[in-house]
Amino acid sequence: MMSMRPVLEIFAPDGFALWPTSSHAPHLELTLSGRLTPAEVGTAVWRLAACNDVEPDPEQAEERGPRPADPLGAFLHGLLTEPHPYAPGGLVLSDSATGAVFEPGCCNGLEDWREWRDVTDGSGTAWFGHDPDARAECIGRVVRLTQDAGDREDGEDRDDTVIELPVDELRRLLAGVEGDLLDFLALAASWAGQQVPEHAETVTAALARALDLEPPA
């Protein structure tokens with residue numbers, strides 16, 4: 001049986017105290033859905049805010065405004081003002097029958113999850129990061145996922161994992177992923193209303209941008 005889940009690459013938020021978070025070891029994946037605990041939602045929001053907490057280039061700095069002086073506003077500033085937030089992670093597809101797993105490569109982001117639809121309804125191919133060079137391509141009515149499609153050099157180990165599934169099955173899985181992301185966003189909106197009420201609306205809108213979704217009504 002095939003399954004697909006949206007994951008966020010997370011680290012341990014050591015020393016972070018602006019809101020409650022859960023404990024995680026570095027380089028783990030947090031599956032986003034409506035079933036997360038409040039502390040897990042806090043970890044996801046922390047990660048998204050932290051990885052977008054960068055100084056804008058001079059051309060954007062004036063438009064995005066100065067960084068607030070208060071610790072909460074300062075920490076959230078990058079996420080709230082970034083037009084296209086980065087969400088490290090991607091979609092993980094697993095085949096329980098064989099144990100094979102297709103994971104995004106380095107520098108892939110959940111903000112680009114809709115690129116999977118290029119495979120089913122667009123160009124027929126898509127790349128999902130590098131090291132490994134994860135690739136998906138449509139061949140007739142079958143989608144082939146290759147975990148590492150990069151050029152092999154002498155003596156270099158590559159992950160030869162290949163998963164094949166029908167195009168319609170991938171469409172079904174992507175619909176499930178969208179449902180999970182929408183459920184997470186609704187949960188995060190409720191979390192924001194409790195944990196950062198003065199920023200709840202803007203945090204929810206920023207999370208929607210990071211996940212390429214419409215904000216909840």
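This is a predicted model: local features need pLDDT of at least 70, side-chain atom pairs count only at pLDDT 80 or more; totals for chains, interfaces and linings use all residues.
Two strands are taken to pair if DSSP finds at least two bridges between them. The antiparallel strands β5 and β6 (residues 135-139) are joined by 3 bridges, and alanine 126 has alanine 136 of β6 as its bridge partner.

Aromatic pairs come to a count of 8. The ring centres of phenylalanine 102 and phenylalanine 128 are 6.4 Å apart with the planes at 90°, so this pair is edge-to-face; it links distant parts of the chain, phenylalanine 102 being in strand β4 (residues 100-102) and phenylalanine 128, 26 residues apart from it, in the loop between β5 and β6. The rings of tryptophan 116 and phenylalanine 128, by contrast, have their centres 4.4 Å apart and their planes at 20°, so the pair is stacked. Tryptophan 116 belongs to helix α4 (residues 116-121). Phenylalanine 102 and phenylalanine 128 are both buried, and tryptophan 116 is likewise buried. One aromatic cluster is formed by Phe16, Trp19, Trp46, Phe75 and Trp191.

In helix α6 (residues 200-210), the buried residues are Ala200, Val203, Thr204, Ala206, Leu207, Ala208 and Ala210, and these pack against α1 (38-51), α3 (71-81) and α5 (167-195). Aspartate 212, which follows α6, has a positive phi near 55°.

Conventions:
Residues are numbered from 1 along each chain as its sequence is written. Side-chain values use heavy atoms; hydrogens and water are left out. Buried means under 20% relative accessible area, exposed over 50%, partly exposed in between (1.4 Å probe, protein chains only). Helices (H or I, at least four residues) and strands (E, at least two) are DSSP runs, numbered from the N terminus. Contact means heavy atoms within 4.5 Å. Rings of Phe, Tyr and Trp (its six-membered ring) pair if their centres lie within 6.5 Å; planes under 30 degrees apart count as stacked, over 60 as edge-to-face and the rest as tilted.
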